[in-house]
Amino acid sequence: MHSRLFLPTLLVSSLLVGCQTIPKSENIPADKAATTINSRVTSTIPAAHQVKKPQQPISKQAEFTGSHEDLWELTRANFLLTDDAEHQAVTTQIEWYSQYPSHMRRVTENAARYYHYVLNEVLKRGLPAEIALLPAVESTYDPQAYSSGHAAGIWQFIPSTAEYRGLEKNRWYDGRKDIIDSTHGALDYLEDLNKRFDGDWLLTMAAYNAGGGTVSRAIRKNKEAGKPTDYWSLPLPKETRLYVPRILALASFVRSPDLYTMDLPAINNEPYFDIVETSGQINLAQAADISGTRLAEIKQLNPGILGKISAPSGPYRLLIPENKAQQFRSALNELTQPNASWAEYTIKSGDSLSVIAEKFDTSVSVIKNANQLSSNQLFAGKSLFIPQGSGLENPFENANNRRKTDVISQYKVQSGDTLWDIAKTHQVSVASLKQWNNIKSADTLKTGKTLRIGNLPKNFSEDEAEALQKIGYRVQNGDSLSVIAERYNVNVADIREWNNLSSNNAVIKTGQQLTLFISES
């Protein structure tokens, strides 16, 4: 359902729940998928047909009663596509993933907040548990994942599909990133596709990746040629031919992690968050304060909220850690709202800024600043956000500047890219892009290279630090600061500062422990 398959280029384990630090990293090459591996490691990887088949799913209601302490146990008890996992294409993907044994740890760490909700929504609908693994392939369960095809969220909706499925997006809110709305939208979409393809889940997943029309055309082409029309026989795009086997390969690791020596930490079979109705807009900092929760945690649970305040038009809810939800509900009833709130106004024919300012008892300059208007020209049908009252800062000021300052993301260089193109896409300067990535004027931009987008803050607040991955790294034989900086896409100067290596000629030794702050994405 998006233009390219999202795969992480930097797989660094740093357990988000409890903020434990895991000093492990891996780099999976996104461009060279398992098509080049085939039988190179078959001597150490069991064939798929040797995997023990899981038990058949029992009563769905019984599965939700807590009979499984670990969500991965609940998942494997409800797998329905085990026979399909025996295909050679799946074995190839198993071999490929098995070179990166910490990959499933990375997925687990990202999914820990969301997986209980997603899996239970899948099982409530009677869908195969394999469907809950789609976000593991789409985004490694990172709600901030954003592809070059403009796909966003754990389910990686592109804008056109999101609009078609009714996922709202405005300057306040992006339903593609919202855990609740995107999960409902994705599962509704998958059910519709499954009906279209007569209950065939492999075709359904292929259509989720490539689009229903692409799969239907491939089926029609094979029919006309007198060829089989099952997923494995269709002439599908390369990405889609890899997509379904990757899902089934991850299912194999969940089914038998010990058989594949795959690192798969348990996820407790209990809700991580509770959904709390707010009855209106709410300031996230206030929500964090009255619930006794870190602001960074509130943001991670509510990634669909793009600024500091929830949208005027809703949804009027927040996801709050389950053990803090009751405190939040109680305090919410006594919460004094900010001195100002934000209204959304649809411009009508004949409107002017002065007329609208008078209507809302504010000034033209306030409206222009809040909406980043460079002129007084208005267009009927467009929306304006109007600050009402006084004392509330522009909730978008920080959000709009973050891309250029303190939020770090990564971009993998594509064929034909230039620094100017990348800088323009990410709304940063070429000079900043060079600085963040230690690029010199004479350097050649190589396809496949991962660039860091964003300036690493020198002094982290607690919330800023928690928004990054803090990892411990033990220096290996042959390492240098520049080698480590290249590996983790950070600056040598930053490594020196984090580790009090004051001299430019500071020497690091094999076995020395370093602290690094890296992007989660």
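**Notes on the predicted model**

1. Helix α9 passes helix α11 in a right-handed crossing; the coordinates come from a predicted model. The axes of α9 (residues 201-210) and α11 (residues 238-255) come within 9 Å and cross at roughly 125 degrees. Angles from 65 to 115 degrees would count as roughly perpendicular and those over 145 as roughly antiparallel, and the pair is therefore oblique.

2. On the α9 side, the contact is made by L202, M205, A206, Y208, N209 and A210. E239, T240, Y243, V244, I247 and L248 are the α11 residues that take part. By class, the residues of this contact are nine nonpolar, two polar and one charged.

3. How many cavities of 30 Å³ or more does a search of the whole structure find? There are two.

4. The lining of the largest cavity consists of Y173, D178, N302, G304, I305, S310, A311, G314, P315 and R317. Four of these lining residues are nonpolar, four polar and two charged.

5. Two of the lining residues, G314 and P315, are joined by a cis peptide bond, with omega near 5 degrees. P315 lies in the loop between α13 (295-301) and β4 (317-321).

6. One further backbone point concerns T140, where phi is near 50 degrees, a positive value in a residue other than glycine. T140 sits in the loop that runs between α6 (134-138) and α7 (159-164).

Conventions: Residues numbered from 1 in each chain as written. Predicted model: local features only at pLDDT ≥ 70, side-chain atom pairs only at ≥ 80, totals over all residues. Heavy atoms only, no water. Axes fitted to C-alpha atoms, helices over the stretch in contact; angles between N-to-C directions. Helix = DSSP H or I, 4+ residues; strand = E, 2+ residues; numbered from the N terminus. Parallel < 35°, antiparallel > 145°, perpendicular 65-115°, else oblique. Left-handed = near helix turned anticlockwise from the far one by under 90°. Contact = heavy atoms within 4.5 Å. Nonpolar A, V, L, I, M, F, W, Y, C, P; charged D, E, K, R; others polar. 1 Å grid on protein atoms, 1.4 Å probe; cavity = no way out; pocket = protein on both sides within 12 Å on 5 of 7 lines; lining within 4 Å. Points joined across faces, edges and corners; volume = space filled by probe spheres on them.
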